[in-house]
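Have a look at the sequence and the structure first.

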Amino acid sequence: MRGMELSLNHTQKLRLQRALESLESFSSATNSNASVTVADSIPVNQEDGVLKGHGTTDLDGEVVATVCGVIERVNKLVYVRTLRARYKPEVGDIIVGRVLEVAPKRWRLEINFSQDAVLMLSSMNLPDGIQRRRTAVDELNMRSIFEENDVVCAEVRDFMRDGSLQLQARSQKYGKLEKGQMLTISPYLVKRRKQHFHHLEQYGIDLILGCNGFIWVGEHVEIKDDMIEDEPTPTKPDAKSNKSQISQSLEEQEQTYTPLETRENICRIANAIRVLSTLGFSITLDVILEIVDLSTKKGLDIHEMLGAEFCVLVAEKEAERRSSSTQKKR
Amino acid sequence: MEYVSPEGLRLDGRRPMEMRQLRAELGAVSRADGSAVFEMGNTKVIAAVYGPREVQNRSQQMNDKALIRCEYTMANFSTGDRLRRPKGDRRSTEISLVIRQTMEACIMTHLMPRSQIDIFVQVLQADGGTRSACINAATLALADAGIPMCDLVTSCSAGYLNSTPLLDLNYVEDSAGGPDVTVGILPKLDKVTLLQMDAKLPMDIFENVMQLATEGCKAVANYIREVLLENTKQLENRRGV
């Protein structure tokens with residue numbers, strides 16, 4: 001187990017082992033046969049023309065794996081899906097990143113990829129919401145939109161010629177993320193789904209599962225929809241958002257105060273995600289909510305969620321959940 | 001001094017063609033992209049791989065392939081005497097260069113242009129064969145990080161004492177003054193990427209010793225493959241569908 005060093009006592013070790021063994025028994029037999037390591041030859045039907053995808057190479061007519069992972073076959077395409085590698089981007093992925101640098105007409109973001117991603121100024125909505133050509137004044141005011149170390153949510157637009165990513169943040173749901181926590185987990189634990197933005201009403205929290213393994217848990221922010229035309233364009237709130245955080249008056253600070261309960265919920269959800277990533281289970285909204293319910297039912301404090309006992313409980317719960325889902329399939 | 005007894009046993013009770021016990025563990029450094037601890041008998045080495053990531057020094061950026069950097073250090077407590085070794089001393093620099101060239105031969109750098117891969121190897125316990133253990137640990141760490149390689153690189157050392165080729169020398173046998181041959185191979189492609197020797201050997205005996213070391217490398221390769229396969233299966237099972 002990576003990440004957290006847990007000191008388990010003897011019974012906890014046995015329980016954890018038993019839970020993990022029962023998990024292994026639920027995985028289908030085809031899965032375990034498909035695991036390969038570097039330089040393993042991949043069984044391929046030679047008569048069909050085989051397309052060699054990522055993670056494979058040709059060695060004297062044999063298809064050989066270049067990474068450790070699981071073989072996936074889609075019609076004629078054979079590729080090896082890695083597990084613990086860096087993020088593999090695809091156009092249209094929702095990602096969360098951190099601003100590293102403010103460069104001429106662009107921001108550079110760190111997104112757990114082999115290079116830094118670029119968010120052009122032209123791919124970002126201006127604060128006043130008008131669609132216009134970016135002038136030199138806009139370029140000088142870039143820092144008022146995003147600064148270094150800001151957390152940003154964006155979408156992958158395309159790949160540049162040198163292999164790095166270009167992002168876009170044109171919709172209202174993208175942009176700077178505030179009042180919350182960013183977590184880093186392995187990208188393979190986050191599956192590509194239709195919905196990556198989750199609004200948890202019962203906790204008042206926004207949860208963004210970035211495809212690059214960066215997860216944002218924060219207080220819910222109402223998204224102003226650009227497309228609705230009969231809403232009057234508010235000028236006063238825009239002026240307020242343009243002011244920097246330092247010069248906020250006392251009333252504004254009261255408005256932006258996050259209540260204690262919301263903050264506790266943010267921490268609870270973040271700890272649930274941390275435990276799941278240490279154990280290596282996939283992270284989806286249902287699983288996270290189940291774990292948070294489990295912790296509140298057991299009456300555990302938030303910091304106890306990172307302890308050994310809760311870790312074992314989560315493993316057992318996951319084993320239960322998978323056994324019930326395989327039984328339902330049958 | 002007798003390094004091989006008349007019954008054919010070495011100082012630590014091994015036979016001449018017997019390797020020391022191997023043990024490997026993945027994921028020791030949680031913040032690194034890939035990491036591994038590799039033990040050959042009493043020699044214990046930890047390797048951490050960071051990358052592929054953005055090149056830190058723009059002037060060294062290569063447009064068509066990845067930049068590989070490697071650093072070899074020995075911990076103060078790794079040898080019998082607690083010595084503070086200066087960072088850039090000649091032996092460390094030489095071994096860093098050797099490991100970098102060995103790994104560069106097998107990493108598919110053209111798949112990750114304009115990026116950088118850092119390999120940090122540190123010796124925790126030194127008992128002979130540290131160079132080989134470092135290369136094996138680096139291979140494990142790179143495979144753990146999911147960096148594409150054309151083949152695993154494994155390495156083993158062999159020597160010649162008391163007219164017997166010995167596999168996998170430990171510190172006492174190494175400091176006996178006899179020849180020490182370190183071989184690094186790509187097991188599947190059956191190619192040699194590293195060949196070093198100190199002291200002199202006649203050609204025919206050298207062939208025997210190198211052949212012995214190559215067989216040792218193949219045994220290490222089998223072990224490493226098993227460890228990686230087990231780790232992959234475990235991760236995939238845990239992740240679920």
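How many salt bridges does the rule find across the interface of chain B and chain A? There are 5 of them, a salt bridge being a side-chain nitrogen of Lys or Arg within 4 Å of a carboxyl oxygen of Asp or Glu. One pairs the side chains of A:D40 and B:R225, at 2.6 Å from N to O.

A word on the ground rules: this is a predicted model, where local features need pLDDT of at least 70 and side-chain atom pairs count only at pLDDT 80 or more, while totals for chains, interfaces and linings use all residues. Residues are numbered from 1 along each chain as its sequence is written, chains are lettered from A and ligands numbered from 1 in the order in which they are written, and side-chain values use heavy atoms, with hydrogens and water left out.

**Where the chains meet**

The interface also holds 16 residue pairs in polar contact, both at pLDDT 80 or more. A polar contact is a pair of N or O atoms within 3.5 Å; within protein, one must be able to donate a hydrogen and the other to accept it, and residues adjacent in sequence count only if both atoms are side-chain atoms. On the chain B side, the elements giving two or more residues are β3 (43-54), α2 (130-144) and α4 (203-239). Helices (H or I, at least four residues) and strands (E, at least two) are DSSP runs, numbered from the N terminus. The top giver is α4(B), with 12 residues.

Here is how the residues on that side of chain B divide; Ala, Val, Leu, Ile, Met, Phe, Trp, Tyr, Cys and Pro count as nonpolar, Asp, Glu, Lys and Arg as charged, and the others, Gly among them, as polar.

| Class | Chain B residues touching chain A |
|---|---|
| Nonpolar | 17 residues |
| Polar | 11 residues |

Contact here means heavy atoms within 4.5 Å, and it takes in 41 residues from chain B and 43 residues from chain A.

**One residue at the meeting point**

A:T66 sits in the loop between β4 (62-65) and β5 (69-74) of chain A. Is A:T66 buried or exposed? It's buried, with a relative accessible area of 2%; buried means under 20%, exposed over 50% and partly exposed in between (1.4 Å probe, protein chains only). Leaving aside residues up to four places away in sequence, A:T66 touches residues including A:V38, A:G55, B:M108 and B:P148.

**Chain B itself**

Chain B has 4 helices and 9 strands. Of its 241 residues, 56% count as buried.
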